[in-house]
Amino acid sequence: MSFDEWYRQDRLPHIYCAGCGNGTIINCTLAAVDQMGWKKEETVFVSGIGCSSRAPGYIVTDSLHTTHGRAIAFATGVKMANPDLNVVVFTGDGDLAAIGGNHFIHGCRRNIDLTVVCMNNQIYGMTGGQGSPTTPMGCTSSTTPYGCTEIPFDLCELAIAAGANYVSRWTSYHVKELEKAVKVGLETKGFSFIEAMVQCPTAFGRRNKFKQVADHVEYLRAHSILKAKVDRMTGAGETVPEGLFVVGELAKRNRPYLGAKMVAKTEAKPGEKS
Amino acid sequence: MTRTEFWQGNTACAEGALAAGCNFFGGYPITPSTEVAEHMASELPKRNGVFIQMEDEIASMASIIGASWTGARAMTATSGPGFSLMMENIGFAAMTETPCVVVNVQRGGPSTGQPTMAAQGDMLQARFGSHGDYSIIALCPATVQEMYEMTVKAFNLADTYRVPVFLMADEVVGHMREKIIIPDAVERVPRRELARGTLPFHTGGDLAPGFPQFGRGYSVHVTGLTHDERGYPAATNPKLHAALVQRLVDKIELARDTIADYDIINPDAEDLFIAYGAPVRTVQQVMHDRPKEKIGFLRLRTVWPFPEKALSLFKNAKRVLVPEMNLGQMAREFERHTKVSVISIPKLGGELHTPDELVAVLEAR
């Protein structure tokens with residue numbers, strides 16, 4: 001089976017704008033899911049509201065397209081009630097970090113066995129380009145017409161601090177790395193969080209001097225710095241330049257988790273719940 | 001063998017849920033409903049069920065909807081402030097036709113109000129609280145026995161009609177202890193599974209579609225967007241939206257006679273009480289104290305959809321007296337269905353009406 005068999009062909013074409021990065025992230029995710037050898041009937045995609053959250057509607061599994069910000073809470077119900085299902089959440093920066101921030105934190109804290117893929121386009125795309133909790137300072141949006149004056153969230157730092165077992169960040173430029181990261185996330189028990197920085201030419205790029213889609217993707221590439229490089233520089237006492245975002249595997253650990261599969265129940269270690 | 005217990009209403013509710021096969025509870029602590037969650041936390045793990053304390057009531061409601069799609073009989077319990085937070089996802093459950101049970105042990109509002117005192121102030125919120133048009137079912141227990149029985153019933157109705165069902169209790173009934181007879185077994189109406197080869201939101205004559213449970217290969221897409229029979233978004237199709245919302249309302253409203261649950265006492269009386277929940281007990285006391293008078297009583301267990309046919313059975317009624325622990329929320333609804341004068345007997349403050357308070361209205365002819 002190849003990953004395009006995971007698409008719901010009769011729902012295409014999709015609603016995404018020309019040049020949108022979300023399709024890249026969905027492709028990478030489905031490629032990783034396909035490599036897991038999971039059966040479609042054992043896999044559930046859950047999402048909230050926004051561009052990213054439309055993804056489950058294009059995938060030919062059971063899927064739950066829920067209310068704004070609440071995907072992780074719904075997914076928690078699905079996973080806890082039937083731990084044999086593989087549950088993957090698609091979300092975006094507004095859905096996850098603004099209205100859904102509390103559920104994100106508690107999903108990480110519970111370390112429930114979900115994989116959450118966040119398409120971070122640093123803007124509210126579906127409603128036409130309002131500032132989000134990840135809009136960089138100085139950037140223009142329809143609700144920050146004079147430049148954003150708030151400090152953005154670092155979603156990965158948040159996930160690590162809150163307790164997620166696996167955290168990584170890549171961009172729509174780093175497709176191979178992203179696919180691999182999602183796969184590790186799917187394999188890792190507990191809460192896996194993969195942040196994918198994506199271009200949004202319609203709502204973000206056109207207001208922020210990215211005349212071509214490729215300009216924005218190039219920006220994402222040029223402003224990412226490998227975790228290994230940051231570690232090397234920090235170790236050598238060098239100053240890491242500002243304005244960059246760290247990409248790579250940012251956390252991988254084995255804390256007790258919630259939502260163990262039924263078969264694993266009998267061998268569950270103390271501290272593991274199912 | 002049945003057995004007799006002396007239980008608190010909230011315990012009876014939790015035990016009723018367990019008897020009905022509830023295997024998932026997602027909740028958040030709130031007075032005066034917390035004992036329901038505590039009892040489920042203690043009992044569900046022993047029965048391979050799942051109890052999870054969520055981060056708030058928004059998440060609680062979300063979790064039971066998610067659980068329900070895996071086939072679980074799922075429930076949450078809350079009170080006014082939590083009920084308010086649940087409203088958006090209650091609308092999602094109505095739109096996606098997700099069976100679930102929400103217990104609201106009502107307390108005095110608005111806002112934080114009276115956490116430890118009783119009220120019936122959420123009766124209209126239960127019916128209309130989420131945005132858009134939809135219908136739900138709401139039951140009102142007046143005794144500890146009914147906390148048990150009507151929780152069972154709530155699950156059966158939720159699965160039959162694929163709708164959120166509310167058990168609209170109150171602090172009096174939730175916290176009072178009284179004798180309860182536990183049956184050996186209770187009736188469990190199974191959720192009807194979707195016939196293979198049928199579109200997931202295609203309905204026949206009964207207006208409620210079969211259920212395509214997650215994990216069984218139905219490949220169902222569930223969305224809160226206006227959707228077609230395939231479950232696919234069709235949010236800009238005016239006719240489809242109108243037909244979908246009309247069906248969501250009709251499947252409950254056209255079944256109101258089937259869903260109806262009430263007692264009728266002295267149907268030829270001129271003075272008629274209508275009550276639901278804790279005020280039922282005061283009306284019963286008044287009738288007990290005045291055995292020679294013919295006092296009519298329509299005692300509602302199903303409040304939404306309102307069984308208006310029951311009102312028409314009181315042919316000689318000249319006055320309808322409605323004691324409620326709110327400012328006349330349901331009295332307005334009853335007024336719509338009768339030409340007889342409806343007299344609201346509101347009571348705020350958290351205490352039951354006294355018999356004297358009802359007698360005063362009864363005698364003020």
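Guide: Let's start with confidence: chain B averages a pLDDT of 97, and 100% of the residues score at least 70 (pLDDT is the predictor's confidence in each residue, from 0 to 100). This is a predicted model, so to speak of a local feature takes pLDDT of at least 70, and side-chain atom pairs count only at pLDDT 80 or more, while totals for chains, interfaces and linings use all residues. As for labels, residues are numbered from 1 along each chain as its sequence is written, and chains are lettered from A and ligands numbered from 1 in the order in which they are written. The model as a whole scores ipTM 0.97 and pTM 0.97.

Now the overall build. Chain B holds 13 helices and 16 strands; helices (H or I, at least four residues) and strands (E, at least two) are DSSP runs, numbered from the N terminus. With a radius of gyration of 20 Å, close to the 21 Å that the globule rule gives for 365 residues, chain B is as compact as a globular protein of that length. That radius is taken over C-alpha atoms, and the globule rule is 2.2 Å times the number of residues to the power 0.38. Along the principal axes, the C-alpha atoms of chain B fill a box of roughly 65 × 45 × 45 Å.

Chain B is divided into domain 1 (1–259) and domain 2 (262–363), with bounds that come from an automatic or database domain assignment. Their C-alpha centres lie 27 Å apart. Where they touch, 28 residues of domain 1 of chain B are in contact with 20 residues of domain 2 of chain B; being in contact means that the C-beta atoms of two residues, placed from the backbone, lie within 7 Å. On the domain 1 side, the elements that give two or more residues are β6 (114–118), α5 (123–128), β7 (137–139), β8 (164–170), α7 (171–175), α8 (238–253) and α9 (256–259) of chain B. Of these, α5(B) gives the most, with 4 residues. By class, that side of domain 1 divides into 18 nonpolar, 5 polar and 5 charged residues. Here Ala, Val, Leu, Ile, Met, Phe, Trp, Tyr, Cys and Pro count as nonpolar, Asp, Glu, Lys and Arg as charged, and the others, Gly among them, as polar.

Next, a sheet in chain B. It is an open one of 5 strands, in the order β11-β13-β12-β15-β16, with mixed pairing; two strands pair if DSSP finds at least two bridges between them. At the edges are β11 (262–265) and β16 (341–346) of chain B, each pairing on one side only. From one strand to the next, the twist averages 20° (axes are lines fitted to C-alpha atoms, for helices over the stretch in contact, and angles run from 0 to 180 degrees between N-to-C directions).

You can follow individual pairs here. β11(B) and β13(B) pair in the antiparallel sense over 4 bridges, and Y262(B) has L300(B) in β13(B) as its bridge partner. Strand β12 (residues 271–275) and strand β13 (residues 295–300) of chain B pair in the parallel sense over 5 bridges. There, I274(B) has L298(B) as its bridge partner in β13(B), and A275(B) stands opposite R299(B) in β13(B).

Finally, the neighbour. The contact between the chains takes 29 residues from chain A and 35 residues from chain B. On chain A's side, the elements that give two or more residues are β2 (62–65), α2 (71–81) and α4 (101–110) of chain A. The largest share, 8 residues, comes from α2(A). That side of chain A has 11 nonpolar, 12 polar and 6 charged residues.

The open sheet they belong to has 9 strands, in the order β7(A)-β8(A)-β5(A)-β6(A)-β4(A)-β3(A)-β1(A)-β2(A)-β10(B), with mixed pairing. Its edge strands are β7 (224–226) of chain A and β10 of chain B.
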